[in-house]
Amino acid sequence: MSETRIPKTEITGVLGAVAKRVSRKMLGEVPEQLEVMWHNKPVLMTMMGLSKKAKKWNECDENLKAFAHMATMALIGCRFCLDLGYFMANHDGLDVKKAREVPGWRESDVFTPLERDVMEYAEAMSQTPPTVTDELSARLLNSLGAPALLELTAYITLANMAARMNIAIGPFESQGFAAACGLRPLTEPSRSATGVASQS
């Protein structure tokens, strides 16, 4: 277990027992993030609530959202989030072969033009300042329609919030959720994308 900028605390009480049981059932272990977030349960519950509500959105293809989510995590550099995203893609029955390639999507030939646009959009939104272009947005609007593009945009926004928070309060290393499922290791991040999230 790694040291975190905000120290971990004991997960206690009835709610804590439920949280640990659900975590172990779903992930096999209790994530370090939960031990840190337990300091402020209203914040934890709000963050979890947002994630749960976002899972109910259904205008945009689930694979596209998963690829966008993982591309965001890879760009920002949240290894915990990226591992969890890969694990969740497998858990949700999504295209794991493609999910594995997301960190190196620019050098991979497994993705469709639309999937590549989605990951480019996720990276463009995640840079500081954002670099979303009219051309890219127009292609996505034409391919997805307004409701799905709004959903994708909001999904990437939530991914940015989670990744940046995890890095600030952690950082949290990968806990090997995907490896525990026997998934092959993720590809390495694209050379052209490395570090661009921190540029100003």
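User: What should I know about the model before we start?
Analyst: Local features here need pLDDT of at least 70 and side-chain atom pairs count only at pLDDT 80 or more, while totals for chains, interfaces and linings use all residues of this predicted model. Residues are numbered from 1 along each chain as its sequence is written, and side-chain values use heavy atoms, with hydrogens and water left out.

User: Why are helix 3 and helix 9 called roughly antiparallel?
Analyst: Let's start with the helices themselves, which are DSSP runs of H or I with at least four residues, numbered from the N terminus. Helix 3 covers residues 41-54 and helix 9 covers residues 146-169, and their axes cross at roughly 150°. Axes are lines fitted to C-alpha atoms over the stretch in contact, with angles from 0 to 180 degrees between N-to-C directions. Angles over 145 degrees count as roughly antiparallel, under 35 as roughly parallel, 65 to 115 as roughly perpendicular and the rest as oblique. The pair is therefore roughly antiparallel.

User: Which residues of helix 3 and helix 9 meet?
Analyst: V43, M47, L50 and A54 in helix 3 meet Y155, L158, M161 and M165 in helix 9, where contact means heavy atoms within 4.5 Å. These divide into eight nonpolar, no polar and no charged residues. Nonpolar covers Ala, Val, Leu, Ile, Met, Phe, Trp, Tyr, Cys and Pro; charged covers Asp, Glu, Lys and Arg; the others, Gly among them, are polar.

User: What makes D117 count as buried?
Analyst: D117 has 13% relative accessibility, so it counts as buried. The term means under 20% relative accessible area, against over 50% for exposed and partly exposed in between (1.4 Å probe, protein chains only). D117 is found in helix 7 (residues 113-126). Leaving aside neighbours within four places in sequence, D117 is in contact with L136, R139 and L140.

User: What is the largest nonpolar core made of?
Analyst: The largest nonpolar core has 51 residues, and those with the most contacts inside it include L34, Y86 and L152. Such a core is a set of buried Ala, Val, Leu, Ile, Met, Phe, Trp, Tyr and Cys residues joined through side-chain atoms within 4.5 Å. Its largest share, nine residues, comes from helix 4 (residues 62-76).

User: Where is the cis peptide bond from T128 to P129?
Analyst: P129 lies in the loop between helix 7 and helix 8 (134-144), and omega for this cis bond is near -5°.

Methods. Helices (H or I, at least four residues) and strands (E, at least two) are DSSP runs, numbered from the N terminus.
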